[in-house]
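Look at the structure below and follow the strands first, then the helices, then one of the pockets.

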Amino acid sequence: RNAVLKSGRGWTAMDAWNRSFIQVGEELEKHRRAFVDAWWRELGKLEPWVKLGNDCRMGYDRGWDESLSLEEAVDARREDEVVRGFTLVGPSRADFWFARGGKRIAFSRGQTKAAVTLLQVAAERVHVAGGMDAAIFLIDDLEAELDPSTLDELFGALWATESQIVMTRVGLGKEQGPLSNLDGPVEV
């Protein structure tokens, strides 16, 4: 679709692409919305998130105006897309964020690492509840920028999954915390 928009062939060349784009986009949005709702519920059940997230809420933007169908949104942005040469509305423009008190918030690097870990654990819970096989978590240096208490909580959330976990770390010493008694590769 973007290649046709960039080609400068105009909107009539888009008709064939738009039918499929709108049909698949609407279907994708239905599944994505259901996933995001379940994802948020699972995230809210994770004890470490309750501490980190406090009164946060997760916002979701589907990629076009909520008051319009995708077809209406595509029609409304038709001229802009032709001029700019790329898709301006649709599922590829979707986004999610966290807000507190109606304003988007940003996390520190450590908070971001904790939030992303918990988002992955919550997503895993949604997938497993939906009948999918357990994932394999690949985790690199989770300990960086996290205090021991937060680290313990994150490891607890990870260990509670039925997933295989492969971890690497930079530290070589016998630090305190959940990894302090590990001397080499360990299967958990």
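Strands E2 and E3 form a hairpin with two residues between them, and in the turn Gly101 has a positive phi of about 60°. Helices (H or I, at least four residues) and strands (E, at least two) are DSSP runs, numbered from the N terminus. This is a predicted model, in which local features need pLDDT of at least 70, side-chain atom pairs count only at pLDDT 80 or more, and totals for chains, interfaces and linings use all residues. Residues are numbered from 1 along each chain as its sequence is written, and side-chain values use heavy atoms, with hydrogens and water left out.

Ala99 has Arg104 in E3 as its bridge partner. E2 (residues 95-100) is also joined to E1 (residues 57-61), again antiparallel, by five bridges. Here Met58 has Phe98 in E2 as its bridge partner, and Asp61 stands opposite Asp95 in E2.

Together the three strands make an open, antiparallel sheet in the order E1-E2-E3. E1 and E3 are the edge strands, each pairing on one side only. Helix H2 (residues 15-45) packs on this sheet and touches E1 and E2, where contact means heavy atoms within 4.5 Å. The direction of H2 makes about 175° with that of E1; axes are lines fitted to C-alpha atoms, for helices over the stretch in contact, and angles run from 0 to 180 degrees between N-to-C directions.

H2 also meets H6. Their axes come within 8 Å and cross at roughly 120°. On the H2 side the contact includes Phe35, Trp39 and Leu43, and on the H6 side it includes Leu118, Ala122 and Val126. The residues of this contact divide into nine nonpolar, one polar and three charged. In this count Ala, Val, Leu, Ile, Met, Phe, Trp, Tyr, Cys and Pro are nonpolar, Asp, Glu, Lys and Arg are charged, and the others, Gly among them, are polar.

H6 gives the most to the lining, with seven residues. The lining divides into nine nonpolar, three polar and three charged residues.

Conventions:
Pairing = 2+ DSSP bridges.
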